[in-house]
Amino acid sequence: MARIYLIRHGESTANRDKAHAGWLPVPLTEEGVRQAKAVGELLRDIPFDRFYCSDVYRTVQTFDYAFGADHPREYSTLLREINSGDLAGKLHVDCAAEYGELYDRIRETWAFDLAGGENSEHAMDRGAAFLKQMEELPEDVKC
């Protein structure tokens, strides 16, 4: 039976600052680097067949700190987090002031398509497409 381990990126500057990052290339904070190293230590004795990584900068940084910058991996845009559209790079408090009740709705329902991004269904469809790709791998390369 195949196992899949999902790892979220470490704390980014956007997380710390309470801003939307979306697909922007925001870096990890010192805490995020610590978290990435810690998850690498936690998983170091587990034999993995393959590694896949989102191409978004903070996830690449997390992978590098967890497993090493030279460690082989495959990048997939299907693993990106939700696209926050016009909210990307903006502080939550500024979005609330600018968008009012619409922002509350966006946050409650993950409907970033209302601000030029994507909604949760779009993001889930990307995740499902990635898993479908994994199912279609030949037996000799399945994870």
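Q: What covers the buried residues of α6?
A: The cover includes β1, where contact means heavy atoms within 4.5 Å. Helices (H or I, at least four residues) and strands (E, at least two) are DSSP runs, numbered from the N terminus. A word on the source: this is a predicted model, in which local features need pLDDT of at least 70 and side-chain atom pairs count only at pLDDT 80 or more, while totals for chains, interfaces and linings use all residues. Residues are numbered from 1 along each chain as its sequence is written, and side-chain values use heavy atoms, with hydrogens and water left out.

Q: What makes one face of α6 a buried face?
A: Ala123, Arg126, Phe130 and Met134 of α6 are buried. Buried means under 20% relative accessible area, exposed over 50%, and partly exposed in between (1.4 Å probe, protein chains only). Seen down the helix axis, the buried residues of α6 fall within an arc of 90 degrees, so they line one face; the arc is that of the directions from the axis to the C-beta atoms. The face turned away from this buried side carries the exposed residues Glu121, Met124 and Glu135.

Q: Why is Ser84 called buried?
A: Its relative accessible area is 2%, and the label needs a value under 20%, so Ser84 qualifies. Ser84 lies in the loop between β2 (74-75) and α4 (92-99). Leaving aside neighbours within four places in sequence, Ser84 is in contact with His20, Ala21, Gly22, Phe112, Ala115 and Gly117.

Q: Why is the pair Arg58 and Glu81 called a salt bridge?
A: A salt bridge is a side-chain nitrogen of Lys or Arg within 4 Å of a carboxyl oxygen of Asp or Glu. Arg58 lies in helix α3 (residues 57-67) and Glu81 in the loop between β2 and α4, so the pair ties together parts that are 23 residues apart in sequence. Arg58 counts as buried at 1% relative accessibility, whereas Glu81 is partly exposed at 32%.

Q: What makes Glu74 and Arg50 a salt bridge?
A: The closest N and O atoms of Glu74 and Arg50 are 2.3 Å apart, so they meet the cut-off of 4 Å. This pair links distant parts of the chain, with Glu74 in strand β2 and Arg50 in the loop between α2 (30-43) and β1 (52-53), 24 residues apart. Glu74 is partly exposed at 34%, and Arg50 is partly exposed at 23%.

Q: What makes a group of residues the largest nonpolar core?
A: A nonpolar core is a set of buried Ala, Val, Leu, Ile, Met, Phe, Trp, Tyr and Cys residues joined through side-chain atoms within 4.5 Å. The largest has 8 residues: Ile82, Leu87, Cys95, Tyr103, Ile106, Phe112, Ala115 and Ala123. In soluble globular proteins, nonpolar side chains tend to be buried together.
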